[in-house]
Amino acid sequence: MPELLRQTDAHLGSTPSDVLWGRLPSRRDDPALTVPSGTVLSVDTVSHEGILDDQGGDPVAFFGRHGVPRDGVLVDAVDIARSLRRGPEDGPHVVSRPIAVDGAEPGDVVSVTVLAADPRVPYGVISNRHGRGALPGELPRAETSVSVFADVVSRDGVAHGRLPAVEGGPRVITFPLRPFPGIVGVTPDSDDRAHSVPPGPYGGNVDIALLTAGSTLHLPVFVPGAGVYVGDPHFAQGEGEVALTAMEASLRLTLRLDLVPRTAALRRFGELVGPLAETAEYLVPTGLDQDLDEAVRRCVRAAIALLRARWGVDEHIAYAYLSAATDFRISQVVDLVCGSHAMVRKADFAEVGP
């Protein structure tokens, strides 16, 4: 699949020198790029599916078994599998090295807007492994990992993923693609590189499926420069991501990075303690915790705080509004730390004023 070329101010590739495998950047990592606020840049991402040890560690052989020719496998994926090593305690994800935003300081907010998410290949993989997912101990049935290959086809001009109904049968199940990065984050204030799987206040593996083109993730800054990174590219994901992975596949992301100084951030968002997503229609506060019930409670608290800071809504009225008008959704239940997010319609507050 030819990669789409878009006009950008900077580019970060996905060669072994451009990425980390299984870990997030720490404050000790030098930035791969330093850019001013407002920069539009492209970032190539590589999916971990097809390069992991339980799939043979050889993407050419793995995808070849599914009919993908050698020249249909990304050179970057081959090079990463050959030259980078993961420890047994590392996560699976390939993550970009950090991108510094000039002038960003702790207490500020960096807004990462996804302008485009272009597929780099016409296929992906959905996996269930490690006795994880929403049904640990039930699926997978055997001790071995299960990886389901999906190709991409066009239906009435719209790209769809395609699966067989039975193993080895014709691909007859189709579903629309909604490409987005599962990992969007800023660098934690730590000398140690964090594991790539659990999300945190810094974002990371938030797996919020609405972060498609046109959406933004607002993140509190913890270290000078912010150290923005992306990874875990998805072609499609159901909310919950119940089998463990989405349809994992490599993307070229076009992003805009905007610095929001602390005073302006407080007016817009209140005291932001974790990721806040935004689409044209919704503000989307989040809650994260190992316990899903507590993740939802944290999401409710974050939503109340947002309504109070942005529109001056009384606490009890904010609580009532959320109960009457806001959907609380499950982002994912498979990343060690569960995620919930709330869909707050901005239009409901059009008459409130700032």
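This is a predicted model: local features need pLDDT of at least 70, side-chain atom pairs count only at pLDDT 80 or more; totals for chains, interfaces and linings use all residues.
View 1. Cysteine 299 is in no disulfide, and the nearest cysteine sulfur, which belongs to cysteine 338, is 13 Å away.

**View 2. The salt bridge between arginine 27 and aspartate 189.** A search of the whole structure finds 21 salt bridges, and one of them brings together the side chains of arginine 27 and aspartate 189, with a distance of 2.5 Å from N to O. Where in the chain do arginine 27 and aspartate 189 lie? Arginine 27 is found in the loop between β2 (19–21) and β3 (33–35), whereas aspartate 189 is found in the loop between β12 (180–185) and β13 (203–204), so that the pair links distant parts of the chain, 162 residues apart. Arginine 27 is partly exposed, since its relative accessible area is 40%.

View 3. Arginine 298 forms a salt bridge with aspartate 289, in which the closest N and O atoms are 3.3 Å apart. The side chain of arginine 298 also meets that of glutamate 294 in a salt bridge, at 3.4 Å from N to O. Glutamate 294 and arginine 298 are four residues apart in helix α4 (residues 292–311), and therefore they are separated by about one helical turn. Salt bridges that share partners join Asp289, Glu294, Arg297, Arg298 and Arg301 into one network. Is arginine 298 buried, partly exposed or exposed? Arginine 298 has a relative accessible area of 40% and is partly exposed, whereas aspartate 289 is buried at 17%, and glutamate 294 is also buried, with a relative accessible area of 17%.

**View 4. The open sheet of nine strands.** The strands of this open sheet follow the order β1-β4-β17-β7-β14-β18-β19-β21-β20, and their pairing is mixed. The edge strands are β1 (10–12) and β20 (327–332), each of which pairs on one side only. On average, and with direction ignored, neighbouring strands of this sheet are turned by 25° against each other. Strands of a sheet pair through backbone hydrogen bonds, either parallel or antiparallel. Strands β4 (residues 39–44) and β17 (residues 251–260) run antiparallel and are joined by six bridges. Which residue in β17 is the bridge partner of leucine 41? The partner of leucine 41 is leucine 255.

How values were computed:
Residues are numbered from 1 along each chain as its sequence is written. Side-chain values use heavy atoms; hydrogens and water are left out. Two strands pair if DSSP finds at least two bridges between them. Helices (H or I, at least four residues) and strands (E, at least two) are DSSP runs, numbered from the N terminus. Axes are lines fitted to C-alpha atoms, for helices over the stretch in contact, and angles run from 0 to 180 degrees between N-to-C directions. A salt bridge is a side-chain nitrogen of Lys or Arg within 4 Å of a carboxyl oxygen of Asp or Glu. Buried means under 20% relative accessible area, exposed over 50%, partly exposed in between (1.4 Å probe, protein chains only). A disulfide is a pair of cysteine sulfur atoms within 2.5 Å.
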